[in-house]
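Please keep the structure open while reading them.

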Amino acid sequence: EKQPDGSVRRCVELTNPSPLIRDWYTKSPAAVLLHDEEYLGGGGKAAFEPPRLLQQLPLAPGATWRWSGTGRAGVRIEESSEAFASEKIETPAGRFSAVKVVTRIEQGGARATKTSWFAPGIGLVRQATDSGGITSTTDLIDYSFKPRR
């Protein structure tokens, strides 16, 4: 969706196997921002205020950035991120050389660590989250741009 400021807002659907979450992003030469998360099936929507800084660009090993704001139900979130060297990652969508980003999160008193791998020209290809012993991993399964029905 074209925005009034000229940026393009893009939607990414997380599936398992049907859509579970829709994330809405914008990208500028300086940053990738997450604006909203929509939880499908009656889960509601979270708007980040200010938009959540996911990547400071250009993404290069040694880069660091911080973000603080509010998310779902106005809960306060504090994040600090650091980019590391590229690693070879294999997902159902293929094999990628991807920059590793480790993000430490404090949200509503709970702490988590999110490790993400971003491939140039593709974006997020894998994400692993550790929330105090509860872990999950998400892999890219497809990066074709199919028209929405």
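1. Two strands pair if DSSP finds at least two bridges between them. Strands (E, at least two residues) and helices (H or I, at least four) are DSSP runs, numbered from the N terminus. With these terms, a hairpin joins strand 6 to strand 7 through two residues.

2. This is a predicted model, in which local features need pLDDT of at least 70, side-chain atom pairs count only at pLDDT 80 or more, and totals for chains, interfaces and linings use all residues. Residues are numbered from 1 along each chain as its sequence is written, and side-chain values use heavy atoms, with hydrogens and water left out.

3. The protein chain has 10 strands and zero helices. Its pattern along the sequence is therefore written β-β-β-β-β-β-β-β-β-β.

4. Strand 6 and strand 7 are antiparallel and pair over 14 bridges. Threonine 91 lies opposite glycine 94 of strand 7.

5. Strand 6 also runs antiparallel to strand 5, with seven bridges joining the two. Here tryptophan 65 faces serine 81 of strand 6. Five residues lie between strand 5 and strand 6 in their hairpin, and alanine 73 in the turn has a positive phi of about 60 degrees.

6. Which residues have the most contacts inside the largest nonpolar core? They are Phe48, Leu53, Trp65, Trp67, Ile77, Ala83 and Val101, in a core of 16 residues. A nonpolar core is a set of buried Ala, Val, Leu, Ile, Met, Phe, Trp, Tyr and Cys residues joined through side-chain atoms within 4.5 Å. Buried means under 20% relative accessible area, exposed over 50%, and partly exposed in between (1.4 Å probe, protein chains only). At least two residues of this core come from each of strand 3 (31-39), strand 4 (44-56), strand 5 (64-70), strand 6 (76-91) and strand 7 (94-107). A second, separate core has seven residues, among them Ile89, Ala98, Ala119 and Val125.

7. Leucine 53 shows the packing in detail. Apart from neighbours within four places in sequence, leucine 53 is in contact (heavy atoms within 4.5 Å) with Ala31, Val32, Leu33, Trp65, Arg66, Trp67 and Glu79.

8. For the protein chain as a whole, 32% of the 149 residues are buried. The radius of gyration, taken over C-alpha atoms, is 15 Å, which agrees with the value near 15 Å for a compact globule of 149 residues (the rule is 2.2 Å times the number of residues to the power 0.38). The C-alpha trace spans about 40 × 35 × 35 Å along its principal axes.
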